[in-house]
Amino acid sequence: MSQMIVPCAPYLTSHAAVPGVGCCNGVRALLGIAQTHNDRVVICKCLKIVAGHFPGIDNKRAMGLPRLCGLRLNFSFSPSTNCDK
């Protein structure tokens, strides 16, 4: 799963002005496998682990990433998100 979000690192760390095609494709693929609550819990925990490997992630950019990739979500993700809920 982490390979789906790694292409977003340049955007999330403010080294790119917009997310690239690879980033948005990865976000779409990640959301495509998030069909159940348990899927979303696993993905949320994975994202928190991956985010820990990329110091300097801009949380506002991370929260806006799905919208910039043309996706509408009924949930949000931030470092303070309780993944078990």
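Author: When the bonded cysteines of the protein are numbered in sequence order, the pairing reads 1-2, 3-5, 4-6. The model is a predicted one, and a search of the whole structure finds three disulfides in it. A disulfide is a covalent bond between the sulfur atoms of two cysteines. Each pair may now be taken in turn.

The pair 1-2 is formed by Cys8 and Cys23, whose sulfur atoms are 2.0 Å apart. The link is right-handed, with 100 degrees about the S-S bond. Cys8 counts as buried because its relative accessibility is 0%. Cys23 also counts as buried, because its value is 1%.

The pair 3-5 consists of Cys24 and Cys69, with 2.1 Å between their sulfur atoms. With -75 degrees about the S-S bond, the link of Cys24 and Cys69 is left-handed. Here, too, distant parts of the chain are connected: Cys24 is in helix α3, Cys69 is in the segment after α5 (59–68), and 45 residues separate them. Cys24 has a relative accessible area of 9% and is therefore buried. Cys69 is buried as well, because its relative accessible area is 4%.

The pair 4-6 is that of Cys44 and Cys83, and their sulfur atoms lie 2.0 Å apart. This link is left-handed, with -65 degrees about the S-S bond. Cys44 is located in helix α4 (residues 37–52) and Cys83 in the segment after α5, so that the bond joins distant parts of the chain, 39 residues apart. Cys44 is buried because its relative accessible area is 9%, and Cys83 is buried because its relative accessible area is 8%.

One further cysteine deserves attention. The cut-off makes the reasoning plain: two cysteine sulfur atoms must lie within 2.5 Å to be a disulfide.

Notes. Residues are numbered from 1 along each chain as its sequence is written. This is a predicted model: local features need pLDDT of at least 70, side-chain atom pairs count only at pLDDT 80 or more; totals for chains, interfaces and linings use all residues. Side-chain values use heavy atoms; hydrogens and water are left out. Buried means under 20% relative accessible area, exposed over 50%, partly exposed in between (1.4 Å probe, protein chains only). Helices (H or I, at least four residues) and strands (E, at least two) are DSSP runs, numbered from the N terminus.
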